[in-house]
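User: I have a structure loaded and would like to go through it with you. Could you take my questions one at a time?
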Amino acid sequence: MHFFMVWQRYAEMLKKLYSVGTMRFNRRSLLFLLVLCTFMICFSFWSRCVLNPEPVDMNRKQMVDVATEGDFADVRFVNRGAKNYNMPVNEMEIPSANVQDMECEINKEYSVQCKRDDNEVYMPFSFIQKYFEVYGEFQNTDGYEKFEFAHSYSEVHQPPDVISPEGAFMSFEHYNVEIRKRVKCITAIEGVPISTQWEPAGHYYPIQIAQFALSHYSKYLREGEPETVSLLDGSNSDLGAWLTGVNVKVTSVWNQVRSSRVVEFQTPDALSNPGLYIHLKESIYALSMDLKIVSNGSISVTLKNDGATFHVHYVFSNTLITCDGKNIYYGLGVDRQDEWIHFARDADMDLLKGLMLKCSKYKKLNGLSLLGVTIRGHGVVDNVTLSSAVHMDHFFDAANWFVNHQDRRGGWPIMVTRKLIAGVMELQPGWYSAMAQGHGMSTLVRAYLKSKKSVYLRAAINALKLFEISSAQGGVKARFANSYDWYEEYPTTPSSFVLNGFIFSLFGLYDLKQVVKEEPLETVTRLYNEGIKSLKAMLLMYDSGFGTFYDLRHISVGLAPNRARWDYHTVHISQLLQLTKMEDDPLFSRTVKRWQEYMHGIRSPHN
Ligand SMILES: *[C@@H]1O[C@H](CO)[C@@H](O)[C@H](O)[C@H]1NC(C)=O
Ligand SMILES: *[C@@H]1O[C@H](CO)[C@@H](O)[C@H](O)[C@H]1NC(C)=O
């Protein structure tokens, strides 16, 4: 109903402005009117902007998912002074008119082709969209077509009702990290995403790895136990469905390490061999098993996509991902033969990332079906399972990455050059990020609470150290106006004061604060309290009156303000919604209400 409210509101206004008298609208005039309305809205309430309005891939899948949930119904226009916008749509009609071309001159700078109908002027929506950074698209419901207009392309997701270090992380169940284009693949060696952002060759970006962990953890809490199909189990080694054929030997043996029966297999290593094969036709794609291979064997998944048959092979190599025609290869690591491997993969995602490589002409998943699983080589295997998801396996892979890659300063160095502003704010490889430290803590605290293993908690506590060290000394702490501590997502000198990364670092401190005692508790409490004090003092510096700023570069280096694009603005909103549940200060609830209104074009009052 959003759009019609806007429309009616402006139809009312236009009547007054242009004394058009009783308007009679037909369906054809709808779009023209919309365009005019949009122009009026924008002209009245928006200032001219130049930022590229192209939406980003962050959560694009979720954007599509939630767009169907009807969040738009939440629109309010109370402070716009509209009195009567409840008139039914079909009462608003205008005579079909004598519409003519007309030039529109914009700020005496340039022209666009418009339409005129008596005193009405209709501007092309394609122009309005770019000029005012607004969004619109045709919607067709059961043959009824309308045009939906919105100020923002992004959606706000609610944090959990209760904020707990064991609970979902903010609204991360809506994140899908691995689908992002800048994730090259989920490696089969460590099971974590590898990023091509800022470095096409790929690097391990702790923030991305933590977001991968926290999104799967949150999805697990939301979805519950996955749907599973057991394909092979050592204690019940029914091989009925498996093709064993020539050259394939299979026996059930007792395994000391697992203290259970497992399946021993022996087939030729070469991928050209049929191996131990099970023929399937499934529409769930997460494959897991525990196995130890002593020869140069492999695991393969056969998938049908877009009518063609693809094979995703997991082989003993250090090449993370490569492809050759319809074969995609993931390296399990050369040194992992003869070692128990807990294998857990989303075969659909692994295929998709393979398709994105240069060697394939297919670029998307379409009519996907899982046709089979093959195991080759000599080894033992247990608990081969197909599932709808392996969220907790992904979560623990990432949590283990944080344990295995923490350096002696307690940090996870980022090994790429980061140019926040070229020549002004730059970081050389090896920098730390407060956001990575905080996200790492949120991940590790959850891993500790789930597994009760102290190694995760120790790593989370170690991550505190860099919060005490200034950016200039290679830490993450900045000071604002010599009064407020600020934990920097990008610890440049001069400081950038990125808002969302700072708040995420506070969430990490908050999670850790809930689970530690004695000394670390004192430190983490002090760091958290100092951070919250700064946030309360500085929060409104990020409020532009119609949106938010991403950072404070306009203050720290005197450059143009860096407006947060809508998906960062919605991150700010989700963070404030969470803060209203963590901190008893009306500043957060008051501010978040206004920031949500900005998404519908409602601006702060003026003088
Ligand atoms: C093992 O097999 C993989 C894939 O078939 C191959 O790339 C690799 O070179 C082999 N390793 C050895 C040591 O033969
Ligand atoms: C077998 O794998 C499934 C899916 O990962 C898991 O839920 C189950 O606990 C495993 N069973 C054993 C005995 O390891």
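User: Let's start with C104: buried or exposed?
Analyst: This is a predicted model, and in it C104 counts as buried because its relative accessibility is 10%, under the 20% cut-off.

User: What does C104 pair up with, and how far apart are the sulfurs?
Analyst: C104 forms a disulfide with C114, and the two sulfur atoms lie 2.0 Å apart. The link is left-handed, with -135° about the S-S bond. It connects distant parts of the chain, since C104 belongs to strand 1 and C114 to strand 2, 10 residues apart.

User: And how buried is C114?
Analyst: C114 has a relative accessible area of 0%, so C114 is buried.

User: How many disulfides turn up in the whole structure?
Analyst: A search of the whole structure finds 1 disulfide.

User: OK, how do strand 1 and strand 2 run, and how many bridges join them?
Analyst: Strand 1, covering residues 100–106, and strand 2, covering residues 110–117, run antiparallel and are joined by 7 bridges. Within this pairing, D101 stands opposite K115 of strand 2. The hairpin that these strands make has 3 residues between them, and N107 takes a positive phi near 50° there.

User: What does K115 partner with in strand 3?
Analyst: The bridge partner of K115 in strand 3 is Y122. Strand 3 spans residues 120–122 and runs antiparallel to strand 2, with 3 bridges between the two. They too form a hairpin, here with 2 residues between the strands, and D118 in the turn has a positive phi of about 50°.

User: Switching topic: what is the strand order in the 7-strand sheet?
Analyst: The order is 9-12-19-14-15-17-16, in an open sheet with mixed pairing. Its edge strands are strand 9 (242–243) and strand 16 (321–324), each of which pairs on one side only.

User: How many residues are in the largest nonpolar core, and which have the most contacts inside it?
Analyst: The largest nonpolar core has 96 residues, and those with the most contacts inside it are L509, L512, L535 and L579. The element that gives the most to this core is helix 10, residues 499–513, with 9 residues.

User: What does L535 touch, leaving out residues up to four places away in sequence?
Analyst: On that basis, L535 touches L499, F502, I503, L506, L579 and F588. There is also a second, separate core of 45 residues, which includes C185, Y285, L287 and Y314. As for C185, its relative accessibility is 0%, so C185 counts as buried.

User: Last topic, helix 13: how many of its residues are buried?
Analyst: Helix 13 is mostly covered, with 14 of its 17 residues buried.

User: What span should helix 13 have, and how far apart are its end C-alpha atoms?
Analyst: At 1.5 Å a residue, the 17 residues of helix 13 (residues 566–582) should span 24 Å, and the end C-alpha atoms are 24 Å apart, so the two values agree.

Notes
Residues numbered from 1 in each chain as written. Chains lettered and ligands numbered in written order. Predicted model: local features only at pLDDT ≥ 70, side-chain atom pairs only at ≥ 80, totals over all residues. Heavy atoms only, no water. Pairing = 2+ DSSP bridges. Helix = DSSP H or I, 4+ residues; strand = E, 2+ residues; numbered from the N terminus. Core = buried A, V, L, I, M, F, W, Y, C linked by side-chain atoms within 4.5 Å. Buried < 20%, exposed > 50% of the residue type's maximum accessible area, 1.4 Å probe, protein only. Contact = heavy atoms within 4.5 Å. Disulfide = S-S within 2.5 Å. Expected span 1.5 Å × (residues − 1).
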